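Please look over the structure shown here before reading the notes that go with it. They are arranged by topic.

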Amino acid sequence: MCGIIGYVGSKDALPILIDSLKQLEYRGYDSSGVGLLGHNAQLIVRKAKGKIASLEELIRHQPVPYASVGISHTRWATHGLPSDINSHPHTDNKHRLAVVHNGIIENYQPLKEALKKKGCKFISQTDTEVIAHLVATLYNGDLVEAVRRAINQLKGAFAIGVIHADHPDMLVAARVGSPLIVGVGERENYIASDVPAIIERTRRVIYLKDGQMAVLTKEGVKVSDFAGKAAAFKIDTVDFNVTAARKEGYPHFMLKEIHEQPQALAQMISLRLKNGRLNCEGLDLSDAVLGGIKRIAMVACGTAYHAGLVGKYVIEELARLPVDVDTSSEFRYRNPIIDKHTLLVAVSQSGETADTLAAVREAKAKGAKIVVICNVIGSSIVRESDGVLYTHAGPEIGVASTKAYTAQLMMFYILALRLAAARKTISPAGAKKFIAELKRIPLLYKDILKKKAHVQKAAEANSHFGCFLFLGRNVNYPSALEGALKLKEISYIPAEGYAAGEMKHGPIALIDEYRAVVCIAPQSHVYEKMASNMQEIRARKGNIIAIATQGDKEIKRHADFVLDIPKAHELLTPLLVALPLQLLAYYIAVKRGNDVDQPRNLAKSVTVE
Ligand code: G6P
């Protein structure tokens, strides 16, 4: 969480930092700040609670002088409430150096006690402030050396940027665990948490590795390890669609990203389809290795976890391979049973989620082969995996995941077909038929999106309910979990997802005329069971919004609202029901006046435990 951006060059740093920081607001947005090195060896800091607009407002009242070196930060609080004082940058007591930090310093308490004994005065409740005081106490004119000695004392995860008034042409950065890139420009250089922050200024990027620090001046970049040994580095050119990071006329990124799904999936299929066969380029595992796998263990968090659950149904059905799915945070502390015949599949939009990264490391240490399904090229989890299946859905800015989720689902169908081919559990003709069905999905998406006004009507008519239940069966049980998650993330309405067969074991007690129940009931081998569940809800006066296959007259008799999806292969219905579920959550949140793209307390990338 938290976003960092730093600049060293000859231009006015402030507008660059503020503009770039806005591209990182998805990482956290409870406060923000900027630290600049003015021409007369002065450190200028401005910080404010609230979104970046509050910082801009502050700077309008307290203008800053021209400066061409600076760091800035948008925060998602871990230690200490969101407040002006707890915002970054943090400074030393002489107000000479400033630090921005993303991550958690686990040993900050003992460090703080030791620094207090040396006379340092702490003014915030953050773990970050120890870094500022620590660097200051170790400083004797050589900033790089002071930062190096300080970071060797830190435990936990961190990406930091440090500036010092004695060094008005320098920015020092370092990372362990939390992401940090260096952007290489023409006589100007940047640090940033992620590519979107700098893409409009440079496409040339150095992905710092864990345990590396970088020293930036406008003339160049030097990379070294924490022992001070110079490290070779590669400058990658990133291929990134700039317009993808803009709203392009949509009121919210989430709505834009919902609409991008037909194109994202069509592109994914065309990238993967060669000579009528879908390939898993990046998987880097031969038929022999795939044939030798005895089971798949999956790890993921949040929406990606729900994609993994759908993946379990799909892989078990098509490839007849047992799959276990865990939330990463449970897996990593559970001493999981993993061996060299296990394929560990991690699912992560960002590739930076701390728990998923730790789960990957745990499985790797136990001898598993690691494959990650990921949307962000070159991210931390990708770098630690044996193979990667990129979803190429483009940057996802809305905190509530939409297009990354359906791209993950699509990748599971492709992976399942690959595994099924290696394990000979599907015939070539069967695979061909399935691929033809997959190819129709982008078109079917367009049909669903054409009917969004009807979803909006259903959303507005139900937005007053204080509690929602989402029910689904079989491959759409995870869809129910995801539908409930989407709703609670952005509308703040308590919502629970349940396997409909479990309804009588508890949730039925909730049902009365004051509850809304979303029933996911497309045509399938469990359709009749869902229809019975709906009658039971009806009998208890529950309000029903059903998601059903177009033309289903039976369901209309049991539901207050029916949201149609086109007819499709049963196994593919999670891909289709995802859209009305996303739109429903979106329109309910809009109706309730919520900040859809930046819901309270959440962040897009959870890079701390
Ligand atoms: C956060 C985001 C979710 C996301 C989850 C996992 O909670 O708000 O949208 O699903 O992290 O993130 P990942 O990047 O690993 O998919």
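Predicted model: local features only at pLDDT ≥ 70, side-chain atom pairs only at ≥ 80, totals over all residues.

Residues are numbered from 1 along each chain as its sequence is written, and side-chain values use heavy atoms, with hydrogens and water left out.

**Two helices**

- The axes of helix α13 (residues 403-422) and helix α19 (residues 573-591) come within 10 Å and cross at roughly 175°, where axes are lines fitted to C-alpha atoms, for helices over the stretch in contact, and angles run from 0 to 180 degrees between N-to-C directions.
- This crossing makes α13 roughly antiparallel to α19, a label used for angles over 145 degrees.
- Helices here are DSSP runs of H or I with at least four residues, strands are runs of E with at least two, and both are numbered from the N terminus.
- On the α13 side, Y405, T406, L409, M410 and Y413 meet P574, L575, A578, L579 and Q582 of α19, contact meaning heavy atoms within 4.5 Å.

**The ligand site**

- The ligand is surrounded by 13 residues, and the closest are S348, Q349, S350, T353 and A603; a residue counts as near if one of its heavy atoms lies within 4 Å.
- A polar side-chain atom of S350 lies 2.6 Å from an oxygen atom of the ligand, and an N or O atom in the side chain of T353 is 2.4 Å from an oxygen atom of the ligand.
- From the backbone, an N or O atom of V399 lies 3.2 Å from an oxygen atom of the ligand.

**Backbone details**

- The peptide bond from H88 to P89 is cis, with omega near 0°, and P89 is found in the loop between β4 (67-75) and β5 (90-91).
- N474, a residue other than glycine, has a positive phi near 55°, and N474 is placed in the loop between β22 (468-472) and α16 (477-491).

How values were computed. Parallel < 35°, antiparallel > 145°, perpendicular 65-115°, else oblique. Polar contact = N/O pair within 3.5 Å; in protein donor to acceptor, adjacent residues only side chain to side chain.
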